[in-house]
Amino acid sequence: MRPVQFNIHPKAPEIQSAITYTSAPDGLPGEGFFATQLNKVVGLARKNSLWPMPFATSCCGIEFMATMASHYDLARFGAERVGFSPRQCDLLMVLGTISKKMGPVLKEVYLQMAEPRWVMAIGACASSGGIFDTYSVLQGIDQIIPVDVYVPGCPPRPEAMIDGFMKIQELVGQEDLRRRNSDQYKELLNSYQIQ
Ligand code: SF4
């Protein structure tokens, strides 16, 4: 029987300052207190505790599995709690080809998520229909729901997904608490016939 070989070129791990801490927002430090803006504290908490909901329909979903697994490990960004109930999640990650028939289902999932919610279109298919320029495939999910970040690639590598996720974190961390009540946001939702 052929012997099973692995680690034929063992490599010592390069761990340099593996643990980092979230830096405090700008503010006024003092003896036993720290004063800052509510917006910044809420943003800091939200961006480091996003609960993703993967809506995976095809091959990009497999890449997402790699992103969640130990090597890339999205949990490092505080997003280890992947949920499959839209009511308990705040980040919709759409991965894969979305057919026109699937469109209303995706929209329903989005509508079931409570505000504030964010959306990532991951991969060429979710972003633009990808190579499937056909009568049955939705040419980008932004035709039915608003998208915050697009991740290009077919499929995008886990590094690209993580990069997109970090962009979402940036948006979340800087979002004004009043944005969801603003006329501009209502107008955006109205353009998708969402009340
Ligand atoms: S973008 Fe490419 S890898 Fe991703 S679902 Fe479409 S065909 Fe598959």
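**Order of elements.** I read along the sequence and noted the pattern β-β-α-β-α-β-α-β-α-β-α-α. That comes to six helices and six strands. The model is predicted, and I keep that in mind for every entry.

**Whole chain.** I looked up the extent next: the C-alpha trace spans about 70 × 60 × 25 Å along its principal axes. Of the 195 residues, 26% count as buried. I also checked the contacts with a separation of 6 or more, and 76% of them are between residues 24 or more positions apart.

**The sheet.** I traced an open sheet of four strands in the order E3-E4-E5-E6, with parallel pairing. Strand E3 (52-56) and E6 stand at the edges with a single partner strand each, so one side of each has no neighbour in the sheet. On average, neighbouring strands here are turned by 20 degrees against each other, direction ignored. Helix H5 (residues 158-174) packs on this sheet and touches E4, E5 and E6. I noted that the direction of H5 makes about 160 degrees with that of E5.

**Strand E5.** How many residues of strand E5 (residues 118-122) are buried? I counted five of its five. Trp-118, Met-120 and Ile-122 cover one side, Val-119 and Ala-121 the other, and both faces are covered.

**Pairs of E5.** I then followed the bridges. Strand E4 (residues 91-95) runs parallel to E5 and is joined to E5 by five bridges. Met-93 has Met-120 as its bridge partner in E5, and Val-94 has Ala-121. Toward E6 (residues 149-151) I found three bridges, again in the parallel sense. There Ala-121 stands opposite Tyr-150. The chain gets from E5 to E6 through helix H4 (residues 123-128), in a right-handed β-α-β crossover. Which elements make a right-handed β-α-β unit with E5 and helix H3 (residues 103-112)? I noted E4 as the remaining member of that unit.

**Around the ligand.** I listed the residues around the ligand: Ser-58, Cys-59, Cys-60, Gly-96, Thr-97, Gly-123, Ala-124, Cys-125, Gly-130, Cys-154 and Pro-155. Helix H2 (59-68) and H4 are the elements that give two or more residues to this shell. H4 has the largest share, three residues. By class I have six nonpolar, five polar and no charged residues in the shell.

**Cis peptide bonds.** I looked at omega next. The bond from Cys-154 to Pro-155 is cis, with omega near -10 degrees. Pro-155 lies in the loop between E6 and H5, and both Cys-154 and Pro-155 are in my list of residues around the ligand. Another cis bond joins Glu-115 and Pro-116, with omega about -5 degrees. I placed Pro-116 in the loop between H3 and E5.

**Positive phi.** Asp-73 has phi near 55 degrees, a positive value in a residue other than glycine. I found Asp-73 in the loop between H2 and E4. Asp-73 is partly exposed because 14 other C-beta atoms lie within 10 Å. Gln-193 also has phi near 55 degrees, and lies in the segment after helix H6 (183-190). Is Gln-193 buried or exposed? I found 8 other C-beta atoms within 10 Å, so Gln-193 counts as exposed.

Key:
Residues are numbered from 1 along each chain as its sequence is written. This is a predicted model: local features need pLDDT of at least 70, side-chain atom pairs count only at pLDDT 80 or more; totals for chains, interfaces and linings use all residues. A residue is buried if 20 or more other C-beta atoms lie within 10 Å of its own, exposed if 12 or fewer, and partly exposed in between; C-beta atoms are placed from the backbone. Two strands pair if DSSP finds at least two bridges between them. A crossover is right-handed if, with the strands pointing away from the viewer, the path from the first strand over the helix to the second runs clockwise. A residue is near a molecule or strand if its C-beta atom, placed from the backbone, lies within 6 Å of it. Ala, Val, Leu, Ile, Met, Phe, Trp, Tyr, Cys and Pro count as nonpolar, Asp, Glu, Lys and Arg as charged, and the others, Gly among them, as polar. Axes are lines fitted to C-alpha atoms, for helices over the stretch in contact, and angles run from 0 to 180 degrees between N-to-C directions. Two residues are in contact if their C-beta atoms, placed from the backbone, lie within 7 Å.
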